[in-house]
Amino acid sequence: MSDRISVAKTYKLYIGGKFPRSESGRVYPVTDTKGKFLANASHASRKDVRDAVSAARKAFGGWSAATAYNRGQVLYRVAEMLEGRREQFVAEVSASEGVAAKKAQSLVDASIDRWVWYAGWTDKIATVLGAANPVAGPYFSFTVPEPTGVVGVLAPQESSLLGLVSVLAPVLATGSTAVVVSSADRPLPAITLSEVLATSDLPGGVANILTGRASELGSWLASHGDVNALDPTGAEPSARADLAREAAGTVKRVLTVPDTEPDWTADADISRLRRYLEAKTVWHPLGV
Amino acid sequence: MGIFEYAPAPESRDLANLKSHYRPFVNGEFVDGSGEPLKTINPATEEVLAEVGTASVSDVDTAVKAARKAYNGVWSKMPGSERAKYLFRVARLIQERSRELAVLESLDNGKPIKESRDSDVPTAAAHFFYHAGWADKLGYAGYGPNPKPLGVAGQVIPWNFPLLMLAWKIAPALATGNTVVLKPAETTPLTALVFAEICQQAELPPGVVNILPGAGDIGAALVGHGDVNKVAFTGSTEVGKAIQRQIAGTAKKLTLELGGKAANVVFDDAPLDQAVEGIVNGIFFNQGHVCCAGSRLLVQESIAEELLEKLRYRVSTLRLGDPLDKNTDIGAINSAEQLAKIKGLVESGDAEGAQRWTSPCPVPERGFFFAPTVFSDVQQSMRIAREEIFGPVLSVLTFRTPDEAVTKANNTPYGLSAGIWTEKGSRILWMANQLRAGVVWANTFNRFDPAAPFGGYQESGFGREGGRTGLEAYLDV
């Protein structure tokens, strides 16, 4: 008998809780850092972006209205699933980023820990950022943070899993929903993450993950009328001004991000959470 | 009518200390701007009030340089406790000169003296008091132990609340250690230039505050200046988008307070008389020149007729006329241009089939006035239900269920404010949750306080002014 032929996997997009092929039928080859062919990934199109945005919009009502406690539980459940797939992620991060197994292990562990960290924020962020406003008058006035809406995320190009988790988890923790374009050349951990999300309790459409080129898809996200915020981390620095101009058409919130990819292993803070939150101030008269 | 007859009760125009000529304020001094001087008029009489020197693009550069020098040399280095004392001084001086400021504001803007006197000027002082206290407590604001200022702030403000918007912009900027170059609106530069005098009286270091009167091109030059680190704009959504586009790709931090088309939702169990007062306050305050005005009234169908009847009666008692009369409720529209815009939108309401009712109040022959107007039978697709009118024009729509009210209220690209009128507490909180708006007033409307964050969702802009949240706009966090 010859050696066993492995079962090759066909990689697809993750939209609305389902795994469709790209509407365009396009695929592109994914290789490891040494150029060895790993798989063909779906190359998302403009139509796929639109479908993903509409799925994210549809999911927004339910996800944003879920109790913070519930959202925290759901996100923690994702971390459990990540842990379960740890070995697969290590292999994919190692192949994608060309790092040794030990380094890949520590990156995966950091990714899981980061997800847990953000999961724990869901039911605390309102306490930290909200306020009872001491207004000068007979009124009760309070301010609560609320999710911004649908967020378009161009995931980091270098850090295939830890970077991705660091930009996606804060969006979900606020109660916003996401359309993510994965790292173009290192999409495998993103595809596996979408399988994790699909088998966790995260409602379909809350996170949508497209494989493809930020340079092509970023513009559709930036100009889309139903996207409320844009994280341009994965865009070429030279392309960011154009993205920001397109985003201005609908007064999108555009994150300010550094030109070079930050060190994702550094501790996270709440700045990303803050950027996906609106402050709602409610007033009511006091009296008898 | 005829129940209330009022004798004229005019406030003295002399209190304004009106001068024939005003000049830009740069580096602690009033200077001759190299732009074309403009004449600012009294919109209630169309008389020229004063000539105002304006800035040119080169003056923008001079002002930014002055602000940078003050930032590097003095203001960012000064302990917060010292900055605080300057801001407290400014607040006190605004209070002490409040009569002068109120009269001047009413002359230049056209708003009733009772509003400039009781609302604009005291609230402007309150913003300086509030932020003064933050200057030495920024480590407690929730942005880390020692948050840093951004640098030079370029600020562009509108004509509807000239002094108050200045306070909203300058007070937090200075408290957090930034220096500012501010461009007041072309039609309402006067109180900003008296504020500049106040900065001198407070002995604020030169360059910390610079005021450049001018038109949109000066605003664009200021916003686009390479040495400006922070841009803050309040005004129309259209201009806000242009600014966002203009500075795209730069490191400038931006906050925008833009337009609105607020829904004021009245349920069948609302206390009707209070609701009527709230509706009137929501749309006719400041002639409806309010970005968060309750311009779309959503009434539960079962009470629509009764409410409309009460509303029309109440609106017909509003007194329109001389802004300096202490009994005037509705003053002048700020400019001929704005009056034309209001008229155009009202005509579209007629053309699209809404039912127009206009208050029978007498309208002065001179000046820019527009009688309070209420449109009923308004459909969501009509321009008067979708576009910001920015005038004393109310559009009334109806709904049957709370869900329908939410859907209609949220059916707009704007998201600045909303109102809810009902006696049912659980419904208020449910509605407040559902409405996609930055400020929700329940059983009240148009309340402002420096301690309460204000700002919009979606195309009403981003960032907040006021409260702890508002400090973020001026900090490097």
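Buried means under 20% relative accessible area, exposed means over 50%, and partly exposed lies in between, with a 1.4 Å probe and protein chains only. By that rule, B:Arg356 is partly exposed at 40%. B:Asp350 is partly exposed too, at 33%.

This is a predicted model, in which local features need pLDDT of at least 70 and side-chain atom pairs count only at pLDDT 80 or more, while totals for chains, interfaces and linings use all residues. Residues are numbered from 1 along each chain as its sequence is written, chains are lettered from A and ligands numbered from 1 in the order in which they are written, and side-chain values use heavy atoms, without hydrogens and water.

B:Arg356 and B:Asp350 form a salt bridge, with their closest N and O atoms 2.5 Å apart. The term requires a side-chain nitrogen of Lys or Arg within 4 Å of a carboxyl oxygen of Asp or Glu. Over all chains, the count is 40.

Another salt bridge joins B:Lys65 to B:Asp61, at 2.5 Å from N to O. The two sit 4 residues apart in helix α1 (residues 57-75) of chain B, so about one helical turn separates them. Helices here are DSSP runs (H or I, at least four residues), strands likewise (E, at least two), numbered from the N terminus. B:Lys65 is exposed at 53%. B:Asp61 is partly exposed at 26%.

Now turn to chain A. A:Asn133 lies in strand β3 (residues 131-133). At 7% relative accessibility, A:Asn133 is buried. Beyond its neighbours within four places in sequence, its contacts (heavy atoms within 4.5 Å) include A:Phe142, A:Thr281 and B:Pro453.
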